[in-house]
Each structure stands twice: as structure tokens, then as C-alpha cells.
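Hello,

Here is the structure we talked about handing over. Please have a look before reading on; my notes follow below.

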Amino acid sequence: MRGLRPVRVAVEDPLRELLPRRWRLIAPAILGMFVLVGATTWSIPHWPGFVLALGAIGLCAAAPFFAQLQVTHADKTWSRYVVMAVSIAAPMVLTGLAMSSWASAVGPVAWTGAVAGLAILTMLIAALLDGRLISKVAALESLWLGPCLASGSVAAQLLMVLGAFLGLVVAYREIGRLVSEAEARTAREHEQRRAEELLAEYEETGQGWFWETDRRGQLTYVSRRIAKLLGKEPADLEGRPFTELFELENQEQESERTLVFHLATRSSFHELQVRAATREHEERWWSISGRPVLDQFDNFLGFRGSGSDLTETRKSQRHVVELARFDSLTKLANRFQMAEWLEKILSAPREENKACAVFLLDLDRFKQVNDTMGHPAGDALLKQVADRLRSTVGEGGRVGRLGGDEFQVVLPGRINRDELAYLAHRIIENLSQPYSIEGSRVTIGASVGIALSPDDGVTSEALIRNADLALYAAKDGGRGRHHFYAQDLHSDAQERQQLEQDLRDAIAHGGLELYYQPQVRVTTEKITGFEALLRWKHPRMGYMSPAKFVPVAEDAGLIPQIGEWALRTACHDLSQWPEEVRVAVNVSPLQFANPALPAIVTSAIAAAGIAPGRLELEITESVFMGDDASTEAMFAALKGVGVRLALDDFGTGYSSLAYLQHAPFDKIKIDQSFVRGATIQGSRNGAIIASIVSLAEALGMETTAEGVETLDELDLIRMLGCSHVQGYIYEKPLPSTAATERLAKGLTAIAQGPRSARAPRQTMLRKVVLEHGGQEYAGTIRNISRSGALVEGLWNVPQGTTFEVQLAEGLKRLATCRWCNEDRMGVEFDQPLPVDASGAVSFTPPRSVREKVEAAGLRKAG
């Protein structure tokens, strides 16, 4: 274990100190004995006895010196006995000889005093040398040696020898006993010291700690490390209640019996989890165990126990739970937790509590971001989407990520469809705002499918399936929409699946076609090229709009295959046309991200035998959301092939203009959304077109205005300086054979079409309320556009009559009657109506994206 060192403890030597420092007390005792004998015998010792007595007194008085000498040479056994002989035995021999010679010279009276004095001295020696049996035997034998020799009695001398022998035997046995006791005591001390070191190491390394309380529950001991964590010293905690170490209020209990319960009932507890009352910012958790301490009479003395740190363990457990129940990237609930929560709602005991709404969300154009910018950028985008979605839904529901770019929202309770539609609108609006990813501005969209319980299903499987069908319907409707589940969506899903299979068959058997729409130079009104447009004639449904089958191709991963086919087919058709005519082919971001694209283009050009400059590749702004280095390398490779490059749908996607500094475009195509409505009074589209033309001219690029359908739009485009026009005003898209026949008639193009355009109308059957002069009238809208509508239900309304029309909750417009025929009238609105992403009129009033979900009024009925 770290911090532990080998411990070597010598066994205590009982012979280590044969001479105590207090032995110096014998010196005054000897002197007092001689004075006492002299006083009782009225005599003094002769000079040899006097010298011997002084020598004995001097040696005893030097006992501290000999004791220190004994310690200094303690490692040498023989030196101990030399010191003992000099400091104990020698002075006792001298004392006995001095007393014997004095008593012999004086007579029997002196012997009586001498024996009494020696007896007293014997008792003093026994007291001073207690526990030192060898020293005691040596001192007594030496003290009585002189009198024994002076008596001249052989018996006394033999007894003296026998006494010495017995003393040595007893001393030897006593020494053995002392050595055994010393060894046992040393072993106990070593074991105790080892245990203390182990416990100290156990506490210091943070593996655990110990505590003890008295019978009142107050601390009598706690480990120093725990006191330090609490910001106190152990002495400060002693006498404080044990429960003050923890935060016991408002914390979850994994056991029904709490710490307070165990302390009150004086019962043992094991690995009880409690939160520490530390000053640390993060939570700290301990696992504590304890048992009551009883004396021999079963009286309760307190508690004693241990504790260990559970903080890291709980973090690991929490992390495991997060991995099992939360999405690791966005920190939203994962598929498992969302299913669990939905199942909990649907299994509620009361029917009214089983109502809920399920939103399924799919991000539009996310795969494009992932493919062009890489997965790290896609992950960063998903995190931002999760944050926006969480803040938009707020506390009204639970948000989860099911995987990829698919999210789910569960809203408990019965909620009005209008309120759900508004929330879906807010979600789409918030998620469609631009994102900043790695310094680039990225714009995506979202589609939402909605299913309700119990209307659309009473099981989680049915609700998810139906919400998924509604999501597909929203995406088929143009994306950026929300759609409620309806019964006919099952057939739509089957139709979509069949459509995908039919599309695969069309690719395999040559069922796709290219149509070509002329591009005309404005100044000369001559055809300079064609844009290749994809068409598919379905075997049963006839020609289908690309807006319907291209999303199917995207979801099925067929775009690269279709794109290469279109490129080769367009080059082949171009080879049959005049040299001054070019062809433009759209290149998807997936194709652009393919490093093999230059080789594919080169192969198509070579196979058709055309000049590379006659091929124009139309690329959308979304390709600039990828890696700058790889994007520039692709542009350089394509320009190396010799093809022309056109920037398609300019201004509708990636908003930054910085890429135009380096991208080698030959042409900018102005999206038809800017052309539409440009001639309407008050429109800003004309100013936008003029700015684009000025920018293109400054960069040496041509411009093509798409979607020109009226003479007014053509005149505006001419006036604003666009170099090329593409639209119905000159020609609709033509099949390959028709385009060849058209070129055979010459390159001159003649503009043919209406002078101005009427706002696009959509057919519907919608009940509205019209208010005029304080009276309300019921009407029905038959068709509607942004600027007006056809209304039924009011007879013979004079032209110029003004109504306030309640189109939807929160959406009103002033409408003026322009004509009336029986019960039908045409009205013109004072302000244009809002439209959704597809251009259709939207009856949901625009709201600020900063409004909180509470503003949506998610009122739960029932």
C-alpha cells in the first residue's frame, strides 16, 4: 500500500539497564549508616575502613555518570556487567569490608550496630534495584561478602556461596520470564502500531474513514480528512451531533429506514447512502455503516462505524443511466425513454389522462450538410437543433432524439388542433433560422408529422406509425410543413413505396427522360443553350412532377446514379446540336462532394465528342457549406477539365458572398422567386435583381433570370441588364427530338405570352365571416390568392363595397368588392396574405420566433 514502510521493532531487553540513576541515593545511605554505627558505639573507623567507606560513597555518588555510560555502550553486553561491577558490586564490597573491619576492631557492640546498619542498607538496595534481579543479587552478595569473610566461619562462607548460587538461579529464571513478557509486549505494541498505521493509511488515501459517537449521538471521533472536507478541525466536530455531517432533508432515500431512524432505534445499519454537508460545489455522497456499542452490562455507549466515498460511483451510475436513457450527443431523451414515457401516458388508469399528441420531426437538407461539411459539423448542427427544439417546446412536453436527424415531441393532455398546429409552425420556423457551424452559415428546414391519442391510436406503436405517415405526408407536400395524420395516409405510404420501386425500374430500364428549356440572350434574342430538366413518365400516372419523385430519389439514395445518367445523356444530345449551343446540367451537392466527379465529366465529354466549354454545370450554393479546401480543389479540377460553371438558385440558400471571391463561376442564375412578383407595385424584387446583376458584372459573370413568363417581367429583366432569360415567355421545356427540331429552324427566339401575371390561385372550400356596417354575413371562399378571393353567399353586392373578412383566428383582412355576379363576388385584399414555403396561402398568422411556448396557449381540455 502506498505510504507504508517496513517496520522493524526490536524486542525489549530486560537487562538493558542494570543501573538506575537513583542508585546515587545509596551514597548518603552508606554515610548515614556509618554515622549511626559511630554514634551508637562512640567510635570511629580506623583509617583503612575510612578509606574503603569513602570509596564506596564516591562510587555510588557517581551513579548518574555510570548510568549514562551504560546507555552509551548499550549495544555491548559485556560493558553492562563491567558498569554494574564498578557501580554496584564494588561499592557494596567496599562498604561491607569497611563495616566489618570497623566492627572487628571495636568489638561485639559494634557488630550489633553494623549488622543493623547492613540490614537497613539491604532493604534500601532491594527497593532501589526493584525489577533488576541481577543487580540486586550482585549488590547483596557483595554487601555481605565482607562480614562473611570477617567472621571467619566456614559455614557462613558456604551459606554465602549457596546464597549466591540460588540468587543466580532465581535471577536466570526471572530473566527468562522477563524476556518472554518483553517479547509478548513488543509483539502487541508492534501489532497495535501496525494496525494504527494501516488505519491511518486507509483514511489518508481516501478509501474510507471512521467515526464514533457517545450515547447522545454526539461525535467523539471523526477522521481528520472528513473534518477537512467539512472545513473544520476534528476538535471542532467533537461534541456535535453526528447528523450534522450530512444533508438529510429533501434527499432521495434508497431504503425506507433512514439514518435518523437507525440512530433513534439504536440499530445497526450497513452502506447507507447519504449526501455530505460539504462546502464543495459538486455533490458528495458517502456510504456509511455503523453498529451500537455496548458495555459488559449491555448498556448502550454510542455508535461506532465507518464510511466511504460514493461520489465517483454515483457519477458512474448516473452516466450509465444517461447512456441508457439519454442521447449522448444532444442530451435529449433517447428512443427508449421516449417510448417508456409515451407508454406511461397511454397506460394511465383514467381515460382522460391517456390523451396526448406525438410530433415526429425530420430535418430537411440535413444529409446534405452532413455529406458536404462532414459528420463533426453535422453533430454540431444537431446539438443546436436540440437546444432550439427544447426551448421552443418548453415545459409543455418532452423532447427526444430517436436517431440521426429524427426527433420526437410528446405533449400530454388533450390539446386543440389549432394550438398544436401553431406549435408545429413555431418549431419549423425556429429550426429553419440560420445556424453558425464552424464559421459558416447553414440553413436547414424541418417537417413535422402529428398523431393524437386516442383519435389516431391508443397504443404507442400505432401512434408512432401514424405520426411517421403524417411526417411523410408533410415532406411530400413540399417540406417545411406540418401534417396531421389522416386515414388516407396509409394508402399514401404504400403509394410512396411503390413509387420508389417504379423509379428504380425506370432507372434500370431507361424510363427517365431529359427535357430542354432554351436560354435566350436578351440583347440578340437568340438561343445560346438549354438547361437539361429531368422528367419521368410513369407507366400508370403519366408524367410526374420532379417535386414528387425527386424527394423519393433522395431518400432512396438514387440521386448520384440519376445525376451521372443525366450528365451523359445531355452530352450525347448536345453532340447533335450546333457548335454555338451549350447545355446546362444540374449537379447535386452529393455529386459535387464525390472526388470522382471530374473523371465522370471527362468521360461523358469524351464519349460524346464535344468541346468541354459547351457543357455548363449548374451548382447550388449549398456546396459551400463543406470543407473550403476540398471545395476549392473540386472547382479547380472542374475548371481544369474546361467546363463552364453556373451558380444556380442564387440568393435562396447560403447567404454569405465570400465564396464568390474564389469560386470560378461563369454565370449566376437568378432564382424565379425573385422574378415572380417583381413587376407588382411596391415589390423589392426588382432592386434585388438589379443588385445581383451589378454584382455579376463586377465579377465578370453572366446572369440568367429564371421563370420569366410575362412580357412585363421580360421588359423589367431587359431594363435591369440581365444577359440571359429562361422561361415560358420564350419556350417550355422540350424533349430531345423537339429541341433538335427547334434548333433546325434557327436560333432566333420570339417572346410570346401574357402582358402581366395574375397572382396564383388555389382552390378551396372555406367558411368565412364578412363584416360590413356592423352586420355579419356568412360566406364561402371558392378560390384564393395572396391578393384576392372568390366568395360565395352574398347576393348583388355593389362594386366597391368594403368588408372585414375573418379568414382564421387572428387573421383578418379588409376586402373590396371588384365585381359581383348573383351570389358570387371577387374581392381584393388591402394587404397580401402570408404564404408558406411552397407559395401556398397560409392561414396561420405570422408570430415572432421569440415568443415563448406559453404564448401559444397550449390549453389542455378535459
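This is a predicted model: local features need pLDDT of at least 70, side-chain atom pairs count only at pLDDT 80 or more; totals for chains, interfaces and linings use all residues.

**The barrel**

Strand 26 (residues 775-784) pairs with strand 27 in the antiparallel sense, over four bridges.

Strand 27 covers residues 788-792, and five bridges join it to strand 30 (residues 824-829). These two strands run antiparallel. Here V791 has M825 of strand 30 as its bridge partner.

Strand 30 is also joined to strand 29 (residues 811-821), this time by six bridges. That pair runs antiparallel too. N821 stands opposite R824 in strand 30. Strands 29 and 30 form a hairpin, with two residues between them. In the turn, E822 has a positive phi of about 55°.

Now put the pieces together. Six strands close into a barrel, in the order 25-26-27-30-29-28, with antiparallel pairing. Neighbouring strands of this sheet are turned by 45° against each other on average, direction ignored.

Five strands form an open sheet in the order 8-9-7-13-14, and the pairing is mixed. Which strands stand at the edges? They are strand 8 (398-403) and strand 14 (482-484). Each has a single partner strand, so one side of each is left without a neighbour in the sheet. On average, neighbouring strands here are turned by 20° against each other, direction ignored.

Strand 8 is joined to strand 9 (residues 406-412) by five bridges, and the two run antiparallel. Within this pair, R398 stands opposite V410 in strand 9. A helix packs on the sheet: helix 14 (residues 375-393). Helix 14 touches strand 7 (356-364), strand 8 and strand 9. The direction of helix 14 makes about 15° with that of strand 9.

**Salt bridges**

Side chains of opposite charge can pair when their charged atoms come close. How many salt bridges does a search of the whole structure find? The count is 31.

Start with E531 and K669. Their side chains meet in a salt bridge, 3.0 Å from N to O. The pair links distant parts of the chain, 138 residues apart. E531 is in strand 16 (residues 526-538), and K669 is in strand 21 (residues 667-670). Are these two residues buried or exposed? E531 has 5% relative accessibility, so E531 counts as buried, the cut-off being under 20%. K669 is at 0% and counts as buried as well.

K669 also forms a salt bridge with E706, where the closest N and O atoms are 3.1 Å apart. Again the pair links distant parts of the chain: K669 in strand 21 and E706 in strand 22 (residues 702-706), 37 residues apart. At 11% relative accessibility, E706 counts as buried.

Then turn to E616 and K667. They form a salt bridge, with the closest N and O atoms 3.3 Å apart. E616 lies in strand 19 (residues 615-620) and K667 in strand 21, so the pair ties together parts that are 51 residues apart in sequence. Both E616 and K667 are buried. This pair also belongs to a network of salt bridges, which links R521, R582, E616, R644, K667 and E702.

**A nonpolar patch**

Next, look at the surface. L159, L162, F165, L166 and V169 form a nonpolar patch there. Together they have about 480 Å² of accessible area. One of them, L162, lies in helix 7 (residues 154-204). L162 is partly exposed, with a relative accessible area of 44%.

**V293**

At 14% relative accessibility, V293 counts as buried. Leaving aside neighbours within four places in sequence, V293 is in contact with N299, F300, L301, G302, F303 and R304. V293 and R215 are 78 residues apart in sequence, and 8.9 Å apart in space, C-alpha to C-alpha.

Best wishes

Methods
Residues are numbered from 1 along each chain as its sequence is written. Side-chain values use heavy atoms; hydrogens and water are left out. Patches are made of residues with over 30% relative accessible area and no salt bridge: like charges are joined within 9 Å, nonpolar side chains (Val, Leu, Ile, Met, Phe, Trp, Tyr) within 5 Å. Accessible areas come from the Shrake-Rupley method with a 1.4 Å probe; for residues, only the protein chains shown count as cover. A salt bridge is a side-chain nitrogen of Lys or Arg within 4 Å of a carboxyl oxygen of Asp or Glu. Buried means under 20% relative accessible area, exposed over 50%, partly exposed in between (1.4 Å probe, protein chains only). Two strands pair if DSSP finds at least two bridges between them. Axes are lines fitted to C-alpha atoms, for helices over the stretch in contact, and angles run from 0 to 180 degrees between N-to-C directions. Contact means heavy atoms within 4.5 Å.
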